[in-house]
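Please have the sequence and the coordinates at hand.

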Amino acid sequence: MNTLDSGAKNTLIEMRSIVKNYTGVVALDDVDFSVSEGEAVCLVGENGSGKSTLIKILAGVEQASAGQISIGGKNFDTLTPRIAAAAGVMVIFQDFSLFPNLSVAENIAFSTQLSEERRLFNKGRVRQIAKETLIRVGVDIDLDARVETLPVAHKQLVGICRALASNARLIIMDEPTTALTEREVSSLLEIIRRLKSDGVAVIFVSHKLAEVLEVSEKVVILRNGKKVAEGPASDFDAASLTRNMTGRDVAEGRPNPVDPEAPILLSAKNLGKAGAFEDVSFDLHKGEVLGISGLLGSGRTSLAKALFGLVKADRGTLDLDGEVVDLGNPLAAAAAGIGYVPEDRLTEGLFLTQSIVRNVAIGRLDNHQRGGLLDLNGLWQEATHWIGELKVKTPSVEAPVNSLSGGNQQRVVLARWLSRAPKVLILNGPSVGVDVGSKSEIHNIISELSSSGIGIIVISDDLPELLATCQSILVMKSGRVTDKIFGSDISETDLAQRLAS
Amino acid sequence: MSNLKPKSNLLASPEARLALIAIVVFVVMSILSPGRFLSVANATSMAFQFPEFAILALAMTVTMLTGGIDLSVVGTSNLSAVFAATLLTQFVDPSLTGGDMFMWLGIAVVAAICVGMLAGLFNGILVAIFGLPPILATLGSGLVFTGLAVALTGGSAVMGFPVGVAWLGNERLFGIPIPLILFVILALIISFVLTRTSFGFKIRMYGANPLAAEFAALDIDKLLIKVYVLSGALSAIAGLLIMSRANSAKADYGSSYLLLAVLIAVLGGVNPYGGYGKIIGVVLAVLSMQFLSSGLNMLQVSNFARELIWGVLLIFVMIVNTQKSFGFGAKKKSSATT
Amino acid sequence: MKKLFSKEFLTRNETLVGVVIIAFCILASFADANFMSIPTLTDLMRGGIVLGIFAVAAMLVLVSGGIDVSFTAVAVFAMYTTTLFLINYAPDMPWYFAFAISIIIGAGLGAINGVFIAWFGLPTLIVTLGTLSIYRGFVLTFVGSKLISNLPPDMRGFSRLMMVRGTNADGSFYSLPWAFAALVGVVVLTWFILQRTMLGRAIFAIGGSVESARRIGINVRAVQFFIYIYVGALSGLAGIIHASMSRVANPFDLVGLELSVIAAVVLGGARLIGGHGTLTGTILGVSLIILVRNSLIVIGIPSTWQSVAIGALILLGTGLPAWQAKRAAARAA
């Protein structure tokens, strides 16, 4: 489908033999990378593969240790953010880098105003620029709305408009689809097509790219700082991407079937919360792994939080082992034996500046105190035991938890909850931001835990993960459970269709 | 805003650097005014002076560890003192002595601490239940507490207590000034609470990441309320000390202590965004400041120079704590250089 | 019919403060028929000059995401040093010369704040807490600690320059000094900077997100530097006006006022997290505080309760939006 358009395409970006050394570590090793006008390129790699570094060098945020860069045929010895921007390279960061307190119009026109080196602020002109850009992209957003009031998808569009308003020739999008719902993704792709026909080039940086493959011409895969594959997008599919990213086939088995005799552990009846989810009922058996999936905005995260009391459900009941669990009260949920491993490890899961052992020990304070007085020895011993049990790789348990890799950090959060001997464990996105190697180890942990009798709920939109870990999967759509699937009955493509349809 | 990077070298911890500062100040002052600075008389006078604001600094520290602040400490301490003073002047004959006097003093102390704890409870509810930013909640409540003290007294000093009131702030036990003993005991208790109890553990973890604390199923509302109640109780004790030393209570005593308490806490290495801070650091900060001001006093430097030097010290320590070197632009230019 | 007031208008702090002011005035005029009069207004305006200039300065810093507690010390430093200098070396200089010196000294002290904040990247609260001590300590130690009551003649003359002067129906005098024009000037200039220059928009942008501002190429350091110099200059102006109007240069004045000023600004809707704040709100906040100070007695509350009333207003004015936000967050989930 994406064969050559009419007319020869000029090379826009040419990076040759880029090397980047951090003290003692080679982040990029002799990488060539080029982008043509109007071309969409997927830059793929695991965390730490060097893809972010490459982008930072291109955006002028960091300087290459060696190599040449030319933009639009012009060679640059050093790039700074200003030079890169002036040459038309715009990065849309994952957080969009917008100003939440300013209006849509101002956000769109701000960098244009800066680059024109204006001293006075002309509201009419700002609106004019913003309006023209919105028309060019083909979307309609209230120019006077403050950005903090917009939904995520609109924020992203404002970010794109801002890049376009300052004459972007290349837009780099960092993880563009993670926060979008299916419909939003397809309208984003529509906009990308429009931009490409205008001659604007796009780089998608991601580790989850199935969605953007269809509008891309080229795929470049990095691994350990080296370019390991490059080719037309049509040559790749999800499996080959993974193989190239990891350097091996990660074939995952299917989970063991649940014991049909296993008693019901957790039972949700007609749970509902206005504007989030409606009429959710399910049973979780002892030793079962239940998946809850759905696209963003389907209510899966609200439901997960409601099960742990972080969100108060308006209606319905939750029983654990036949006992009613108080809704909307995480303390009651935790006391009843429910554990929750949050989606965003860095902000919700971990106390980053604190030591590993403290991060685990926080879960067991109540069991090592008498009259408020802590038995530090006992507490430390138990926490250390669980850190060992989950094979957290660290030279010292007293090291701050932010010194660990993503996979090990996830184990720390798991260790905290496992030390409390939970009956039910809710894992929201258990392997988000974890490299593929650690991912399968986390899946092994899940299967071990379930065979020890813990009931596990996995909330995820990572379909291979769901299929590898869950015996049954609930599919959610606009707040309702629309499907219950037994994992062994379904293939990944079928599941993807059921999610999206 | 995260310029707190872990560093590992000699004097890596802010407390170690502070200890060095305290020692240097002590030695320099001893050399500059030998015989006077290093005298028992000076040591005692210092020991009477600093505990009142040092205790307020402890109160400030506890709230700062949660990423909050308590701007109502001085208001609370004056309200508590005024309440105790009013109680004493209304019901007790100033010439009273002996057992009855001690009973009434006991009642006054308990009443003052209760008032302090109630004030703290009020702050805690504003912060935990109503979700006010601590800086605004305590700014407003501080005005309310001061205002109540004014309304209670009409703005004038309350005096005319039994002789026993002066004991707390002016006497010695085994030759050691009682304010010092009181401060040492409180510092030890707070240090113990912070390091050895589950309450202290939670305070620090909450300060490091409030959201993660919620996801770890900590009882945050209760935690915050307890923190502000503790801060209120400490403020009340400081208020009693001030009242005893002045032998009177007034709504606007110690108004310079508020910023001083914040200053000491920050100087002591407490991270104003929460999650880090040690009582030993606060104690060292108090000592450095007291050595400095006493020493300067002896060198005939004006009283006001203390303020000047405190400010310089604060900014100097902050620069050392956050900056790798003094060169401009040495700040996190890029992660490549670190 | 079109909606006259948007929902946002109704829930804004400015609206809340405005309503409280109107309610206060209605109550007061029931209690005292003479309350709604020109003298009350001129008293309010006169009382608002120094406080208002301070509040505009504090608001600007809050918008940029910082907090400044040193402005009172800057004002005292600038005012006292200027007065002393004039008395000793140039007693016959016109008043605007005194103003210029004071403003320049203020800007210089502000620049020192700026160096620590913009270059060393230290937290604003701590820097200004430190410089508050330093500036005040410096003045009292090295410049002087005595009250100066024989101000240079032209400074005294300035305080007698009246913009409006008249007699009320009941025979009471009222007047409004020209110093009020300084407040108007400051408000207009600040409005122009904030709303009509890129610099002003950059201040809002930094308050919204420093990181984003850096990424799109705003020179954050330069903007921060400007803010603290400008705030210092405003403080210098407020200081010299304060001295002229009270006809005495007292080095112990003003310091201690900083938290009340910040409270007034926050009451007017500026947020501590930065990015939000309006001049209208700031002026309303200051008006309310002065109204309570001057006229609490009129509505039957003894003036000893003044502080309680202001404190309660702050708790209400900041507590209501906080409580609403918390409930909205719980609903949204």
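In this predicted model, Arg193(A) counts as partly exposed, because its relative accessibility is 28%. Its salt-bridge partner is Glu190(A), with the closest N and O atoms 3.4 Å apart. Glu190(A) is likewise partly exposed, at 45% relative accessibility. Both residues belong to helix H6 (residues 182–197) of chain A, where they are three residues apart, about one turn of the helix.

A second salt bridge joins Arg364(A) to Glu382(A), at 2.9 Å from N to O. Arg364(A) lies in the loop between helix H12 (356–361) and strand E17 (369–370), and Glu382(A) in helix H13 (residues 376–389), so the pair ties together parts of chain A that are 18 residues apart in sequence. Arg364(A) is buried, its relative accessible area being 16%, and Glu382(A) is buried at 16% relative accessibility.

Arg411(A) and Glu441(A) form a further salt bridge, their closest N and O atoms being 2.5 Å apart. This pair links distant parts of the chain, 30 residues apart: Arg411(A) is in helix H14 (residues 406–418) and Glu441(A) in helix H15 (residues 436–451). Arg411(A) is buried, with a relative accessible area of 4%, whereas Glu441(A) is partly exposed at 35%. Elsewhere, salt bridges with shared partners connect Glu116(A), Arg118(A) and Arg125(A) into one network.

Over all chains, the structure holds 20 salt bridges. Chain A carries 52 positive and 62 negative side chains, and the centres of these two sets lie 4 Å apart. Its secondary structure comprises 17 helices and 22 strands. The radius of gyration of chain A, 25 Å, is close to the 23 Å given by the globule rule for 501 residues, so the chain is as compact as a globular protein of that length.

Terms used: Residues numbered from 1 in each chain as written. Chains lettered and ligands numbered in written order. Predicted model: local features only at pLDDT ≥ 70, side-chain atom pairs only at ≥ 80, totals over all residues. Heavy atoms only, no water. Helix = DSSP H or I, 4+ residues; strand = E, 2+ residues; numbered from the N terminus. Rg over C-alpha atoms; globule rule 2.2 N^0.38 Å. Lys, Arg positive; Asp, Glu negative; His and termini not counted. Charge placed at Lys NZ, Arg CZ, Asp CG, Glu CD. Salt bridge = Lys/Arg side-chain N within 4 Å of Asp/Glu carboxyl O. Buried < 20%, exposed > 50% of the residue type's maximum accessible area, 1.4 Å probe, protein only.
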